[in-house]
Amino acid sequence: MSDSRDLSSWKLRYVARRNRVFASPRFQHWAAKLPLIRRIATTRAGQAFDILAGFTYSQTLRACVESGLFDLLRAETVLGASEIAARLGLSEAATLTLLRAARALDLTEEPAADHWMLGEAGAVLAADEGAQAMIRHHRLLYADLADPLALLKADRREPTALSRYWSYAGALHGAAQRGEDTREYSELMAASQGFVADQVLASFAFPQGARLLDVGGGHGAFLSRMGEAFPSLHLGLFDLPEVAETGGQILRDRFGDDRVAAHPGNFFEDEIPAGYDFVSLVRILHDHDDEPAANLLANIHRRLAPGAQLVIAEPMARAPGAEGMGEAFFGLYLWAMGSGRPRSRDEIAQMARTAGFARTRAIDTPQPVNASIVVATA
């Protein structure tokens with residue numbers, strides 16, 4: 001038996017014994033008497049309750065956004081409960097219930113009796129339209145998770161609220177047909193790519209005069225941020241024809257024809273444009289199951305010259321400090337969407353090497369809850 005098997009066996013025995021001890025009423029009674037152990041036990045109990053109450057927390061946040069409470073307090077600064085109730089169209093009792101629940105989450109604050117203001121977390125969210133768009137969007141996930149076991153047992157090809165929403169063709173309907181859905185789609189894409197762009201800008205620099213192709217780049221939100229931060233960067237956008245046309249025009253209007261090229265195509269079926277020093281995949285890989293994700297990486301590698309680099313930026317599984325977001329949130333989100341899964345940095349690196357990339361490296365980001373980065377060199 002190898003050392004790794006011995007270590008694994010030791011870990012298994014340790015975890016099993018630890019769980020038996022923690023589950024013992026005698027241990028819990030003893031632990032409650034010791035200050036240090038009591039603090040640890042209290043922290044663990046709080047974490048357990050947060051897991052239990054998490055849905056209520058998220059729905060409190062959703063109510064703050066959808067009721068207009070954030071906008072109201074942001075505009076008026078200080079209001080009494082009765083006035084807030086009248087503005088929101090709720091009873092005063094219901095309004096106080098919402099205000100107090102939000103206060104417990106730092107979304108609202110009552111610094112003086114019946115003087116309601118935004119809390120610190122609320123002030124941040126009230127100023128972030130992108131975050132609010134994502135909060136509104138999550139109503140679809142909550143609907144799909146109303147019966148989580150039914151969702152997990154169902155064939156992933158069966159339609160869900162999320163899978164219907166993320167139909168690319170549906171999201172691109174004209175404003176006359178589905179203007180609201182199209183606006184929400186655009187806001188979501190801009191917000192999600194903006195969150196990732198912040199992490200890339202904080203952790204990675206493109207060299208002077210480099211050429212960057214964003215594959216599946218939508219309307220160019222990520223490229224816009226990169227173009228502003230790196231004035232000599234040449235920008236290429238590759239996406240479906242309708243998307244590339246609109247995104248390309250947005251980028252040309254901002255940066256000029258000389259810096260921008262738009263390439264229409266399907267990244268699974270068509271060749272990726274050649275001649276770029278860098279290719280980026282921003283929240284693309286985790287949307288796809290293993291086989292199509294591997295095919296996409298191979299398709300990109302075939303068109304890169306030796307030394308060119310692929311920058312993969314997205315929320316990743318098992319990222320230190322963001323474990324819950326990677327697998328607990330995105331694991332179920334992507335399952336409900338019917339495609340893809342969160343992958344760790346090691347998994348992505350292995351997939352890239354299998355696709356033909358010579359080497360890979362992971363880059364830490366300030367906020368892995370928004371994105372981690374893996375760079376693969378051809």
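Accessible areas were computed by the Shrake-Rupley method with a 1.4 Å probe, and for residues only the protein chains shown count as cover. On this basis the accessible surface of the protein chain comes to about 19,800 Å². Carbon and sulfur atoms hold 55% of that surface. The model is a predicted one: local features need pLDDT of at least 70, side-chain atom pairs count only at pLDDT 80 or more, and totals for chains, interfaces and linings use all residues. Residues are numbered from 1 along each chain as its sequence is written, and side-chain values use heavy atoms, with hydrogens and water left out.

The protein chain has 18 helices and nine strands. These elements are DSSP runs numbered from the N terminus, helices being H or I of at least four residues and strands E of at least two. Of the 378 residues in the protein chain, 42% are buried. Buried means under 20% relative accessible area, exposed means over 50%, and partly exposed lies in between (1.4 Å probe, protein chains only). Contact means heavy atoms within 4.5 Å. Among the contacts in the protein chain with a separation of 6 or more, 65% link residues 24 or more positions apart.

Two strands pair if DSSP finds at least two bridges between them. Axes are lines fitted to C-alpha atoms, for helices over the stretch in contact, and angles run from 0 to 180 degrees between N-to-C directions.

Strand 8 runs antiparallel to strand 9 (residues 372-377), and five bridges join the two. Ala-362 stands opposite Val-374 in strand 9.

A hairpin is formed by strand 1 and strand 2, with two residues between them. Strand 1 (residues 108-112) pairs with strand 2 (residues 115-118) in the antiparallel sense over three bridges. The bridge partner of Ala-112 in strand 2 is His-115. In the turn, Asp-114 has a positive phi of about 55°.

Helix 5 (residues 81-88) and helix 6 (residues 92-104) have axes that come within 9 Å and cross at roughly 105°. Helix 5 is therefore roughly perpendicular to helix 6; that class covers 65 to 115 degrees, with angles under 35 counted as roughly parallel, over 145 as roughly antiparallel and the rest as oblique. Ala-81, Ser-82, Ile-84 and Ala-85 in helix 5 meet Glu-92, Thr-95, Leu-96 and Leu-99 in helix 6. The residues of this contact divide into five nonpolar, two polar and one charged. Ala, Val, Leu, Ile, Met, Phe, Trp, Tyr, Cys and Pro count as nonpolar, Asp, Glu, Lys and Arg as charged, and the others, Gly among them, as polar.

Two individual residues follow. His-138 lies in the loop between helix 8 (129-137) and helix 9 (139-144). Its relative accessibility is 15%, so His-138 counts as buried. Not counting residues up to four places away in sequence, His-138 touches Phe-329 and Tyr-333.

Ala-352 belongs to helix 18 (residues 345-354). Ala-352 counts as buried because its relative accessibility is 0%. Leaving aside neighbours within four places in sequence, Ala-352 is in contact with Leu-297, Phe-357, Thr-360 and Ala-376. Ala-352 and Leu-297 are 55 residues apart in sequence and 6.4 Å apart in space, C-alpha to C-alpha.
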